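Please keep the sequence and the 3D view open as you read.

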Amino acid sequence: MRADSSTTFRSLYPPIEPYISECLPVSDGHEIYVEQSGNPHGIPVLFVHGGPGGGTSPIQRRFFNPAKFRIILFDQRGCGKSRPHASLDHNTTSDLIDDMEAIRQHLRIKSWVLFGGSWGSTLSLLYGEAHPDRVRNIVLRGVFLSRKAELEWFYQGGTRSLFPEAWARFAEKIPVEERGDLIKAYHYRLTAPEYERERLTYAKEWSLWEGSTVTLVPDTEQRTHSVDPVFALAFSRIEAHYFLHQCFLEHDDQILRDSHKLKDVPVTIVQGRYDAICPPKSAWDLAQAMPWASLKIVPVAGHSAFEPAIQHELICATDAL
């Protein structure tokens, strides 16, 4: 299969194990899981996972040449192997930015590459705008700028038109009178004490909605993973918490407003043309605000980093660093 007329799709690098894994105590009782693999003396690259609340997995180490990169993965507050699990206490965007900086200082890294997709693109940009002197390159995929219109697209009026059967299942769990704000309705059921017994049911439905829309071609494995109880509980609670508060941004266009702070940082953007979760307009808007950035819109791809053509472009981007 070919990415264009002259290039074969790149595959992931072979599986690799961490050479060190640890839990780093940060603020307010949270512990963050951090692992390192690849070359201890290589270019430090931080994989910033999506969600919020998605956590990391071993396959994510494989976007990077292990001989060239010091590959760092971490689970954001409340998800993956970080503790306390599914906790919303002291879990805000500002906290996550501080955690990333704590990781950098703990690992004694002067500056690093950020590699983030979806919510990971949001957090990478916000961290970069807060600490531009600590970032040497940024590689983004499936850009999400945490704007109100983007949340409305996915949870109210846009994606539902492309996936009506998945939307019907997601929406019908909520009484008709509450369907005007499904983020609020689900958030209540994922956090209120009176819904504790039913919480996991709502968590699975929230997670399954996203899992049903993430790839261009239906992916049974993705859907199965999305309803894993441990994953779904953290993913749903943390996402609903962040999205109810519009990801704790000060302004709707905060990322675009502050993009000039990254003028000295090379930025590569990879975006699926048919991304139903984070439509290309956000990537386009970001590229217009950052004329020094490189934007690659992949013609036949959705949202997932593991769509063949998206995967190809991301590996090419990291190889080129």
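This is a predicted model: local features need pLDDT of at least 70, side-chain atom pairs count only at pLDDT 80 or more; totals for chains, interfaces and linings use all residues.

Residues are numbered from 1 along each chain as its sequence is written, and side-chain values use heavy atoms, with hydrogens and water left out.

**The sheet**

- Eight strands make up an open sheet with mixed pairing, in the order E1-E2-E4-E3-E5-E6-E7-E8. Helices (H or I, at least four residues) and strands (E, at least two) are DSSP runs numbered from the N terminus, and two strands pair if DSSP finds at least two bridges between them.
- Strand E1 (20-25) and strand E8 (294-298) stand at the edges with a single partner strand each, so one side of each has no neighbour in the sheet.
- From one strand to the next, the twist averages 20°; axes here are lines fitted to C-alpha atoms (for helices over the stretch in contact), and angles run from 0 to 180 degrees between N-to-C directions.
- Strand E6 (residues 135-143) pairs with strand E7 (residues 267-272) in the parallel sense, over four bridges. Leu140 has Ile269 in E7 as its bridge partner.

**Helix H3**

- Glu150, Leu151, Phe154 and Tyr155 are the buried residues of helix H3 (residues 148-157). Buried means under 20% relative accessible area, exposed over 50%, and partly exposed in between (1.4 Å probe, protein chains only).
- These residues cover an arc of only 100° around the axis, which puts them on the same side of H3; the arc is that of the directions from the helix axis to the C-beta atoms.
- Ala149 and Gly157 are exposed on the other side of H3.
- The cover over the buried residues of H3 includes E6, helix H4 (164-172), helix H6 (199-211) and helix H10 (280-289).

**Nonpolar cores**

- The largest nonpolar core has 72 residues, of which Trp206, Phe243, Ile269 and Leu286 touch the most other members. A nonpolar core is a set of buried Ala, Val, Leu, Ile, Met, Phe, Trp, Tyr and Cys residues joined through side-chain atoms within 4.5 Å.
- H8 gives the most to this core, with eight residues.
- Another core, of 21 residues, lies apart from it and has Leu12, Phe69, Ile310 and Ile315 among its members.
- Not counting residues up to four places away in sequence, Trp206 touches residues including Tyr155, Phe170, Tyr186 and Phe243, with contact meaning heavy atoms within 4.5 Å.

**Thr93**

- Thr93 lies in helix H1 (residues 93-106) and counts as buried at 4% relative accessibility.
- A polar atom of the Thr93 side chain lies 2.6 Å from the backbone oxygen of Cys247.
- Beyond its neighbours within four places in sequence, Thr93 is in contact with Trp119, Leu123, Leu126, Tyr242, Cys247 and Phe248.

**Backbone details in the loops**

- The Gly51 to Pro52 peptide bond is cis, with omega near 5°, and Pro52 sits in the loop between strand E3 (43-48) and strand E4 (69-74).
- The Arg83 to Pro84 peptide bond is cis, with omega near 0°, and Pro84 is in the loop between E4 and H1.
- Ala86 is found in the loop between E4 and H1; though not a glycine, Ala86 has a positive phi of about 60°, and it is buried with a relative accessible area of 5%.
- Phe248, also not a glycine, has a positive phi of about 60°. Phe248 is partly exposed at 29% relative accessible area and lies in the loop between H8 and helix H9 (254-257).

How values were computed
A polar contact is a pair of N or O atoms within 3.5 Å; within protein, one must be able to donate a hydrogen and the other to accept it, and residues adjacent in sequence count only if both atoms are side-chain atoms.
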